[in-house]
Amino acid sequence: MTHASPPADSGAPRRFPVVVVGAGPAGLTVGNILRAASVDCLVLEAETREFIEQRPRAGVIEEWAVRGLEKRGLARNLLDRAELHSACEFRFGGERYRFPYGELTSSHHFVYPQPLLVTDLVREYADVRGGEIRFGVRDVELHDVDSDRPSVSYTCFETGERRVVHCDFVAGCDGARGATRASLPVERVRIARHDYGVGWLALLAEAPPSADCVLFGCHPRGFAGQMPRSRDVTRYYLQCPPGDDPDDWPEERVWSELRQRLGATGVPPLTEGRLIEKRVLDMHDYVVEPMVHGRLHLAGDAAHLVAPIAAKGMNLALHDAFLLGDALVARLTTDDDSGLAGYEQACLRRVWDYQEFSQWLSEVFHGTAAGDPFRAGTALARLRRLFTSPAAAAAFAEQYLGTAARH
Ligand code: RFL
């Protein structure tokens with residue numbers, strides 16, 4: 001919410017050129033870019049450091065995003081430890097079909113769990129580049145973002161006191177449930193939303209991957225997916241009704257469904273293990289416009305959510321963060337405004353491209369189980385086309401890897 005003027009600060013008011021709200025991949029990347037240029041900034045995070053370093057989420061990072069992190073000195077551990085993937089496998093009609101996207105694009109997916117990336121980014125920001133960060137903050141409020149003297153107030157975790165920070169710019173990187181989006185003027189905001197009408201039971205199993213690549217099972221019982229995360233932990237997904245109760249999915253039921261939906265001629269049995277995460281995600285997307293209001297710039301899930309169907313969300317968050325970090329540095333060090341002026345358009349072109357691809361892929365994944373023979377027929381046609389038409393395969397690989405030269 002935007003408040004006309006900040007409340008009195010119970011301590012000495014501070015001033016930072018930039019306040020970043022949210023220490024996810026977007027916020028921490030912006031913070032690191034600013035610190036590399038010796039621009040001071042303050043990151044405000046609602047959770048503890050331990051919590052954000054362990055929160056399991058994404059795992060697939062596109063090569064252009066890895067190179068963007070590398071260019072900014074943020075990919076050392078990732079490049080040492082990430083697994084490089086160059087193929088995925090579709091299973092449908094009782095058969096398996098390997099899709100070697102690395103051969104088609106010379107580009108790869110890097111598998112590196114989000115908590116490891118966040119751990120690297122926090123360490124680099126706070127411990128190496130000397131960035132300031134407050135954990136456990138409450139009730140973040142933005143003030144006067146439509147003026148050239150914005151400020152941010154929050155309740156301090158340690159003292160319970162209200163603090164005020166004056167700044168030149170606010171980066172709203174506080175994810176899908178954050179507070180900064182509420183500062184956009186109600187009369188100008190447009191939220192474009194798409195509901196898929198399906199849920200995914202998102203699972204983490206304490207077990208080695210069942211295959212060396214991502215698996216997509218398109219089955220009349222519903223979609224199933226396998227995404228390797230590390231040598232000991234594997235993510236699985238099972239399509240389910242939206243709003244389903246995870247408690248209705250005991251371990252035996254989960255493994256039985258996975259075996260059926262990922263079954264195909266000649267495949268080895270799944271490597272089963274204890275389930276350490278089990279939650280239902282209602283699959284939906286949204287895009288918030290404008291992403292910019294005065295001195296507030298939104299980035300990542302705060303501005304746009306893309307269901308994890310095509311593993312794109314963190315990649316988009318990093319794309320925004322590269323653009324925003326570089327643009328803020330240009331503005332604050334050389335008075336060059338061009339990056340900030342073009343920020344929203346540059347973000348949204350890739351955002352809409354990825355949203356469209358997720359929608360396309362959703363039909364491939366879910367069409368077979370839609371209970372509609374027409375949708376099942378067209379879903380199968382899309383799948384077969386990937387393995388019969390080199391042009392269709394090349395187009396799919398480009399979108400799956402995000403390698404288009406222009407968006
Ligand atoms: P984040 O990561 O949500 O970070 C936002 C941070 O802001 C904090 N926060 C606040 N701080 C202060 N005040 C407030 N009022 C605040 N409210 C919130 C939060 O605690 C948090 O630390 O947003 P960011 O940086 O935009 O990054 C987005 C990504 O996290 C997200 O898009 C991905 O996780 C999506 N996603 C995937 N993306 C990929 O690119 N590849 C994948 O393989 C992939 N797999 C996934 C995913 C998301 C999943 N879930 C849980 C929806 C798999 C799953 C299961």
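## Domain organisation

The domain assignment of the protein, an automatic or database assignment, gives domain 1 as 14–55 + 114–192 + 286–355 and domain 2 as 85–107 + 195–284 + 370–388. Taken over C-alpha atoms, the centres of domain 1 and domain 2 are separated by 33 Å.

The model is predicted, so local features need pLDDT of at least 70 and side-chain atom pairs count only at pLDDT 80 or more, while totals for chains, interfaces and linings use all residues. Residues are numbered from 1 along each chain as its sequence is written, and side-chain values use heavy atoms, with hydrogens and water left out.

## Interface between the domains

Seven residues from domain 1 and six residues from domain 2 take part in the contact, where contact means heavy atoms within 4.5 Å. About 570 Å² is buried between domain 1 and domain 2, with 69% of it on carbon and sulfur atoms. Buried area here is the accessible area (1.4 Å probe) that two parts lose on being put together, summed over both. Of the area that domain 1 buries against domain 2, Ala307, Pro308 and Ile309 supply 70%, more than any other three residues.

Between domain 1 and domain 2 the count is zero salt bridges, a salt bridge being a side-chain nitrogen of Lys or Arg within 4 Å of a carboxyl oxygen of Asp or Glu. One residue pair, both at pLDDT 80 or more, is in polar contact between domain 1 and domain 2. A polar contact is a pair of N or O atoms within 3.5 Å; within protein, one must be able to donate a hydrogen and the other to accept it, and residues adjacent in sequence count only if both atoms are side-chain atoms.

## Ligand surroundings

Around the ligand there are 37 residues, of which Glu45, Arg55, Arg57, Gln114 and Met314 come nearest; a residue is near if one of its heavy atoms lies within 4 Å.

From Pro25, a backbone N or O atom lies 3.2 Å from an oxygen atom of the ligand.
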